[in-house]
Amino acid sequence: MSERPVGERGNGNRTPATIYDVARAAGVSPSTVSRALNKPGRISEKTEKRIRQAAAELDYRLNPMARALYTGRTGTLALVLSDITNPVYFDLIRGAERVASSAGSTLILAESQESPDQELSSAEKLQPAVDGLVLVGSRLSDDDIRDLADAKPLVVVNRPVVGIPSVVADITPGVEQLLDHLQALGHRSIGYLSGPAASWINQLRWTTLFDHAVERGMSIVELGPSAPTRDGGAALLPRVRAAAVTAVVAYNDLMAMGLLRACRDPDIRVPDDLNIVGFDDIFGADLTSPALTTVRSPMREIGEAAVRTLLADIDGGSSDGKHPLTTQLIIRESTAPHAEAR
């Protein structure tokens with residue numbers, strides 16, 4: 001009886017190589033192959049090299065389910081976003097993916113569409129299949145987040161929860177730069193376009209703006225809340241006009257862009273009649289007409305820090321969840337001296 005080549009069926013079709021095929025080719029036990037491929041550095045460098053060479057020659061692909069049985073890990077992380085269509089998350093996703101990939105992990109995405117019920121359902125469905133989760137812009141209650149963290153490692157972005165690792169950029173530097181800029185331009189009355197009522201970062205931006213505006217002797221009023229979209233920003237134009245403010249700071253760039261577009265219909269000139277400022281510096285913020293002044297958030301670094309924190313938690317390492325991430329004012333064309341200051 002002739003012996004068939006490894007991985008070949010009787011009809012000549014090839015089947016995927018198994019860990020036993022790699023073990024025979026490398027002259028080691030299957031458990032040694034598993035250690036070499038799942039936990040590098042646990043065996044001698046020479047043996048590990050021989051095993052990896054045999055795996056490459058046999059075109060062996062590590063089975064994630066088998067890996068999970070051996071290590072208790074799937075090599076998969078979940079990133080749950082409040083709105084996957086929001087451009088603010090583009091750089092955050094790229095940063096998170098870069099760190100996950102360099103660690104040998106696969107990153108999967110899910111979104112809640114601003115719904116806490118959908119967010120909780122998605123997180124609970126993902127938990128059995130992943131090693132840990134990152135919740136971005138979470139709309140869940142603190143108790144729900146803690147319950148999820150009891151089951152699997154979890155990191156929260158732009159939302160601190162007591163006892164849970166979190167990554168939140170310091171918005172104070174950007175807000176101070178913004179208010180100093182508007183004050184130097186002669187603005188004394190400011191409106192804040194408020195975003196989702198359930199958003200922790202929205203409340204933080206409002207209270208920080210309020211506190212520092214009052215310190216500078218500036219008046220400020222909250223307008224909203226509204227959806228964190230261009231339509232949400234445009235919908236607040238009547239309130240902006242009624243408030244008679246000379247400058248508006250929006251919860252995010254999308255709302256600022258929506259207000260900017262809406263100002264064209266009643267012929268409100270920006271920045272001559274009204275200054276508009278956004279938050280985050282998303283892709284396209286410099287492509288509006290006029291280009292949008294905004295407070296830049298370090299989204300790529302936030303994504304990187306979140307996944308690093310999660311991986312450290314998964315590995316049982318200590319992580320205080322604190323990262324020196326700060327905001328910065330980016331001055332463009334949507335801000336200019338107030339008419340009375342010219």
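Author: Let's start with a term: pLDDT is the predictor's confidence in each residue, from 0 to 100. You need it here because this is a predicted model.

Reader: Thanks! What is the mean pLDDT of the protein?

Author: The mean is 89, and 89% of the residues reach 70 or more.

Reader: Where does pLDDT stay under 50?

Author: One such stretch is residues 1-5, for which the model has two contacts beyond four places in sequence. Residues 7-11 are also below 50, and that stretch has 10 contacts beyond near neighbours in sequence. Where pLDDT is low, the predicted coordinates should not be read in detail.

Reader: On to the strands. What is the order of the five strands in the open sheet?

Author: The order is β2-β1-β3-β4-β5, and the pairing is parallel.

Reader: What makes β2 and β5 edge strands?

Author: Each of them pairs on one side only; β2 covers 106-111 and β5 covers 166-167.

Reader: How do you know that β1 and β3 pair?

Author: Two strands pair if there are at least two bridges between them. Strand β1 (residues 76-81) and strand β3 (residues 132-136) have five bridges, in the parallel sense, so they meet that cut-off. Look for L79, which stands opposite V134 in β3.

Reader: Which helices lie across these strands?

Author: Among them is α7 (residues 142-151), which lies across β3 and β4 and runs at about 145° to β4. Helix α13 (residues 299-314) lies across β1, β3, β4 and β5, at about 160° to β4.

Reader: And what about β10: in which sense does it pair with β9, and in which sense with β11?

Author: Strand β9 (residues 275-280) and strand β10 (residues 293-296) run parallel, joined by four bridges. With strand β11 (residues 328-330), β10 pairs in the antiparallel sense over three bridges.

Reader: Where is I282 placed?

Author: I282 sits in the loop between β9 and β10.

Reader: Why is I282 called buried?

Author: Buried means under 20% relative accessible area. The value for I282 is 7%, so I282 is buried by that cut-off.

Reader: Which residues does I282 touch, not counting those up to four places away in sequence?

Author: I282 touches P87, V88, D253, L254 and M257.

Reader: How far apart are I282 and V295?

Author: They are 13 residues apart in sequence and 9.9 Å apart in space, C-alpha to C-alpha.

Technical notes. Residues numbered from 1 in each chain as written. Predicted model: local features only at pLDDT ≥ 70, side-chain atom pairs only at ≥ 80, totals over all residues. Heavy atoms only, no water. Helix = DSSP H or I, 4+ residues; strand = E, 2+ residues; numbered from the N terminus. Contact = heavy atoms within 4.5 Å. Axes fitted to C-alpha atoms, helices over the stretch in contact; angles between N-to-C directions. Buried < 20%, exposed > 50% of the residue type's maximum accessible area, 1.4 Å probe, protein only.
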